[in-house]
Amino acid sequence: MSKSKNKLSTCYTSMECNSCKTIKKRKFTEGDVVFSTAENCSDCDGKMLITKIFGETMD
Ligand SMILES: [Zn+2]
């Protein structure tokens with residue numbers, strides 16, 4: 001299966017706070033790994049856990 005790679009795609013990191021269950025999405029940065037902890041939650045200062053890394057294609 002061959003896919004055109006001409007479209008720009010941006011990777012995003014989705015994470016969930018362990019304490020207040022807030023879900024946030026931000027641009028993927030190097031070092032992000034699924035099920036590792038990211039930065040602290042901005043709402044409650046709890047730990048954010050990375051739950052998903054995905055790409056979105058932009059036109
Ligand atoms: Zn929180």
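Helices and strands here are DSSP runs, at least four residues long for a helix and at least two for a strand, and they are numbered from the N terminus. On that basis, the elements of the chain in this predicted model run β-β-β-β from the N terminus on. The chain has four strands and zero helices. Its radius of gyration is 14 Å, whereas the globule rule gives 10 Å for 59 residues, so the chain is more spread out than a compact globule. The C-alpha trace spans about 45 × 20 × 15 Å along its principal axes.

Strand S4 pairs with S1 and also with S3. The table sets out these two pairings.

| Strand pair | Residues | Sense | Bridges |
|---|---|---|---|
| S1 and S4 | 8-17 and 47-58 | antiparallel | 10 |
| S3 and S4 | 37-40 for S3 | antiparallel | two |

Within the pairing of S1 with S4, the bridge partner of Tyr12 is Phe54 in S4. On the other pairing, that of S3 with S4, Thr37 stands opposite Leu49 in S4. S3 and S4 form a hairpin, with six residues between the two strands. Asp45 lies in the turn of this hairpin and has a positive phi of about 70°.

Two further values describe the chain as a whole. Of its 59 residues, 10% are buried. Among contacts between residues at least 6 apart in sequence, 50% join residues at least 24 apart.

Definitions and conventions
Residues numbered from 1 in each chain as written. Predicted model: local features only at pLDDT ≥ 70, side-chain atom pairs only at ≥ 80, totals over all residues. Pairing = 2+ DSSP bridges. Rg over C-alpha atoms; globule rule 2.2 N^0.38 Å. Buried ≥ 20, exposed ≤ 12 C-beta atoms within 10 Å, placed from the backbone. Contact = placed C-beta atoms within 7 Å.
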